[in-house]
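Please find below a colleague's note on the model under review. It is set out as numbered points, to be read alongside the sequence and the coordinates.

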Amino acid sequence: SATTPEPPTTVTTESPTTLEPTTTGVTESPTTPGLTTSSTTQSTTTTPTLVVINVPLSFSTVGNFERSLNNRSSRRFQSLSANIMRGLNRVYRPDPNYREAKVNNFRNGSIIANCTLVYENTTVAPSASTVVRQLLNNLENGTDLGNVTLFPRTIRSDATTVNNLEPISLNISFVIENEGFNTTLNDMASMLFTSLERRVVNWLNPVLTSVFGPNTASNYSVSFSNVSTMVRVFTNVQINTTSLVNQIMLRDLLIQNISASTFDIVISSIQVDGVNLVTDRFSLQFRFTNLNFTADLNMRGSPMFKALSANITNVVNGIFRNNSNFVDIVVNGFARGSVVSDTTISVQPSTVTQAAVTQILANNADAFNNANLLLDVNALTNTTTTVATTTTGRTTTVTMTTTTATTSTTATPNLTVNQPVPPRPFPGFAVAIIVMCGLAILTLPFVIVLCVKSGYCSKMANAFRLESPDNLDMRLPMFGGRSYDFN
């Protein structure tokens, strides 16, 4: 059958409607004293401003056009329009400004549905590309809108179709910890800018094309700014795709591919269209007693700063490697005495307290020591430990008193951290016993040799032989003396 040309569609904006205040009052004329005067005043009522925006939408559905579809009162029209409106409401309802869908009419070819999407309380309507893309990506099995089957390529809003969608404007930002900000990064023509820009694009492009397809990402616009001497990267990229952007999925994909970049990226700083990873952040200070502060540690870009920051980061990452609540650590800077590292640790929200994080770090001080970082546990936990020893006779009593400072933050109030208990000293009496046993063992061979050489052993054996008196040699003295004759 012939297809009639589609009439032009327009965006209609209803002007705001405001009711003027209305005041009605009835007052009696003055009266003589003693009479009562009454007045009635009606309160003012103002209707809030309501902005309504109509966005056109049309598409072809599978089926044969019937003349009954020209009659809005027919059962066929009402049934098909109800199914379409139900399906459109499911697709567009997540937008808080969306109110409803209307079916204006049907036309031949196969069945073309001309609809209107109604938005209210918004000054900016969704773009035609957004409307088309949203419907295209929410069709069940790629074609079904509830009980109605569409031809996806026929979806259009005004002059926008599936074939001429505007590119998606995607904004991605993140912070690079191991790059110190330099004012040269404000100059787009500088070598430092172009080098860093190239590295950013070389990391982002493979990730984005893996989601949207090859040759879809184009027109990268990169800028840099200073955030606590670190480099914040802001990137806008145009994506030529019919797909919708899942910001959370894309953010997580970037996090998973950080290792493919040449940067030490702060995980919690990654944002996709403003969607970032929500975390709890704890500020901690590490004091390393075996290090001496130098001026190089004031400059994030210096080799010494980068090396020490990387060393601390590696140790902390190793400690929390098997802790799924841990997100990342950021070294904000260093200060004197000996070297104090100002750090921020991020964890999954409402999963662990600052006290627990501090305790884990204090219990793993050996991990820092093995990396040539002698951690001052008392400074970390803000705890002072005193050990008083009292000795009476052979008994030694050790009394340990631990004074723990209580810290309070907005995230975790009233935190108390217990420092690991020092080991008990070795008892003094045990040392004496060990020494005496050692001397006895050393002396025993000499005693045995002496007894053998002097004949002491054989004489003792003779003295304790069990024989009758008739066989005894009654010579005195018993050991080697001369004999006496008693006859």
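The points that follow take up a sheet, the helices on it, a hairpin and some backbone angles.

1. The model is predicted, and the remarks here should be read accordingly. Three elements make up the sheet considered at the outset: 3 strands form an open sheet in the order E16-E18-E17, with antiparallel pairing. Strands E16 (280-288) and E17 (326-336) are the edge strands, each pairing on one side only. From one strand to the next, the twist averages 20°.

2. Between E16 and strand E18 (residues 339-347), which run antiparallel, there are 9 bridges.

3. Helix H5 (residues 303-319) lies across E16, E17 and E18, and runs at about 140° to E17. The helix contains 17 residues. From the first C-alpha of H5 to the last, the span is 24 Å, close to the 24 Å expected at 1.5 Å a residue.

4. Which residues of H5 are buried? They are Phe305, Leu308, Ser309, Ile312, Thr313, Val315, Val316 and Ile319. Seen down the axis of H5, these buried residues fall within an arc of 165°, so they line one face of the helix. An α-helix has 3.6 residues a turn, so residues three or four places apart point the same way. On the other side of H5, Pro303 and Asn314 are exposed.

5. What do the buried residues of H5 pack against? Their partners are strand E11 (168-180), E16, E17, E18, H6 and helix H7 (365-370).

6. Leaving aside neighbours within four places in sequence, Asn311 is in contact with Ala371 and Leu373. Asn311 and Ala371 are 60 residues apart along the chain, yet their C-alpha atoms are separated by 7.4 Å. The side chain of Asn311 reaches the backbone oxygen of Ala371 at 3.2 Å.

7. Strand E13 (230-239) is mostly covered, with 8 of its 10 residues buried. E13 is joined to E11 by 10 bridges, and these two strands run antiparallel. E13 also pairs with strand E12 (217-227) in the antiparallel sense, over 9 bridges. Thr235 in E13 is the bridge partner of Ile172, and Thr235 is likewise the bridge partner of Val222.

8. E12 and E13 form a hairpin with 2 residues between them. In the turn, Ser228 has a positive phi of about 55°. Thr229, in the loop between E12 and E13, has a positive phi of about 70° although it is not a glycine. At 42% relative accessibility, Thr229 counts as partly exposed.

9. Where does Asn215 lie? Its place is in the loop between helix H3 (191-212) and E12. Asn215 is not a glycine, but it has a positive phi of about 60°. With a relative accessibility of 75%, Asn215 counts as exposed. As background to these angles, most residues other than glycine have a negative phi.

Methods:
Residues numbered from 1 in each chain as written. Predicted model: local features only at pLDDT ≥ 70, side-chain atom pairs only at ≥ 80, totals over all residues. Heavy atoms only, no water. Pairing = 2+ DSSP bridges. Helix = DSSP H or I, 4+ residues; strand = E, 2+ residues; numbered from the N terminus. Axes fitted to C-alpha atoms, helices over the stretch in contact; angles between N-to-C directions. Contact = heavy atoms within 4.5 Å. Expected span 1.5 Å × (residues − 1). Buried < 20%, exposed > 50% of the residue type's maximum accessible area, 1.4 Å probe, protein only. Arc of directions from axis to C-beta. Polar contact = N/O pair within 3.5 Å; in protein donor to acceptor, adjacent residues only side chain to side chain.
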